[in-house]
Amino acid sequence: APKTVFAAIDIGASSGRVMLGRVSPSTGVSLETIHRFPNGVIELDGGLRWDFDALFAEVLKGLAAAASVARGNGERVVSIGIDTWAVDYGLVNDAGELTSVPFSYRDERSRAAVERVHAVISPEKLYAVTGLQYLQFNTLYQLAAEPNVDGVQALLIPDLIAFLLTGERRTEATNASTTGLFDAVAGEWAAEFLDALSLPRDIFPPLIQPGETVGTLLPSILEQTGLPADTRVVAVGSHDTASAVAAVPASQEDFAYISSGTWSLVGVELPHPVLTEASRTANFTNERGVDGTIRYLRNVGGLWLLSECQRAWAAEGYTQALTALLESAAALPAGGPQINADDPSFTAPDNMPDRIRAAVRNTGAVLADRPAAVVRCIMDSLAAGYARTLADAERLTGRSTGVVHIVGGGSQNRLLCQLTAEAAGKRVVAGPVEATALGNVLVQARAAGVVTGGLAELRALAGAGTELVRYEPALLRDPV
Ligand code: LFR
């Protein structure tokens, strides 16, 4: 029989890719990137949106390439898993057509809707049921900003891709938990809130859990991709952070994690939500993880600050490679100026170096007008934000953490990892960089029966194929 492979569609805010994952219960997972494509917010019709048609075309291109690579190897793609960022959705009518181009959470339109929602449901009540951190772009505020939701359903971005591939409408549960309309304890839609906001009860399709089958591919998709007729779309942790946390290679129970990419998601895994008022005021979230776990975390600013600076500098003709820039930043002395990386004023794109300099000025300090100084400020600020959030997580859960795992793009940033270990006073274990795709593939592999076990087993496999790098809190630099 042909060997089994899994296709992972993993789309982030700055790029997407289609990968093939090969899974062995003894040696772990190997990932092959088949197709990589850029992503980013675009300005269209007076809003910041995602170029969804272009993204879907790239997905099909990637799946076709994956089918042909697998065929060439005598392998069979048994399933496809999809993950992207959370919160955002496309509105689909009865005919199955998108009625508009999906908005990005970076668009400002939801801000005005926040007060309207809170006038109907208090923030305290919202938190007591959903356990979701307040972010101005949570799905419920975006929906409240829609002029009309009659006769349409909201499909979260990964669910929208799954729908276009299979014709089946589902809402995957880990991502549903970021809508602000999901009951964290019951694991069901919060019908009372849908009613209170005059949203149809079926504004979202029914829930599906990671590991369950969404459906098989539509004939037109089979034709365009050349995938075998029995290829299934399997629900994974479709919220990218849920997939990433599922692949944190923790071997001890008292671990914390930082999924560090465009955003930094900093927290711990819990069996039950924490819905206390202290948790709400600290703005910790109780998002759902794979296998019904709770991702108890907080959004901390992320490498978006850096990528936006790089974009601004490139536009000015300054194109020093990131590694060199980070080295210059690492050579600067500790104790420099910091910003609050979480400030919503950094959410929108453009002019990032200027905005960071202005934020430093507001603290009464001065930031040198040099890219290395700006980069150092970003790294110091992120590390401080991570440390603060880790300490808050310990306080709010009453659990102490023995090790901090950093996964995602930020795990390759040695300056950030070292500064984090120092600021948190804890050992940091960095890697894998591809945790999200690994989590995606591993949940598919378990659904196919190729691997068995719970998250601990999946985590051991996630760590097996990667070299993890340790950073100790004591300065490793030469003593003076
Ligand atoms: C990370 C992420 C975060 C979510 C943010 C917006 O990629 O999914 O978890 O808060 O994007 O959707």
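The axes of helix α12 (residues 322-331) and helix α14 (residues 371-397) come within 8 Å of each other and cross at roughly 75°. Here an axis is a line fitted to C-alpha atoms, for helices over the stretch in contact, and angles run from 0 to 180 degrees between N-to-C directions. The two helices, α12 and α14, are therefore roughly perpendicular to each other; that label covers 65 to 115 degrees, while under 35 counts as roughly parallel, over 145 as roughly antiparallel and the rest as oblique. On the α12 side the contact uses Leu325, Leu326, Ser328 and Ala329, and on the α14 side Pro371, Ala372, Val375, Arg376 and Met379. Two residues are in contact if their C-beta atoms, placed from the backbone, lie within 7 Å. By class, the residues joining α12 to α14 are seven nonpolar, one polar and one charged. In this scheme Ala, Val, Leu, Ile, Met, Phe, Trp, Tyr, Cys and Pro are nonpolar, Asp, Glu, Lys and Arg are charged, and the others, Gly among them, are polar.

A word on the source: this is a predicted model, in which local features need pLDDT of at least 70 and side-chain atom pairs count only at pLDDT 80 or more, while totals for chains, interfaces and linings use all residues. Residues are numbered from 1 along each chain as its sequence is written.

Now for another helix pair. Helix α11 (residues 304-315) packs on helix α13 (residues 352-362) at an angle of about 120°, their axes being 8 Å apart, and α11 and α13 are therefore oblique to each other. Leu305, Glu308, Cys309 and Ala312 of α11 meet Met352, Pro353 and Ile356 of α13. This contact of α11 with α13 has six nonpolar, no polar and one charged residues.

Stepping back, the protein chain holds 17 helices and 21 strands; these are DSSP runs numbered from the N terminus, with helices being H or I of at least four residues and strands E of at least two. The C-alpha trace spans about 65 × 55 × 50 Å along its principal axes.

| UniProt domain | Residues | Helix and strand | End C-alpha distance |
|---|---|---|---|
| Carbohydrate kinase FGGY N-terminal | residues 7-245 | 33% helix, 29% strand | 19 Å |
| Carbohydrate kinase FGGY C-terminal | residues 256-448 | 46% helix, 16% strand | 29 Å |

What surrounds the ligand? There are 13 residues around it, the closest being Trp85, Ala86, Val87, Thr241 and Trp263; a residue counts as near if its C-beta atom, placed from the backbone, lies within 6 Å. This shell has six nonpolar, six polar and one charged residues.

The peptide bond from Gly431 to Pro432 is cis, with omega near 0°, and Pro432 lies in the loop between β20 (428-430) and α16 (435-447). Ser198, a residue other than glycine, has a positive phi near 55° and is found in the loop between α7 (191-196) and β12 (207-208).

Methods
UniProt positions renumbered as here; feature names shortened; annotations may be inferred.
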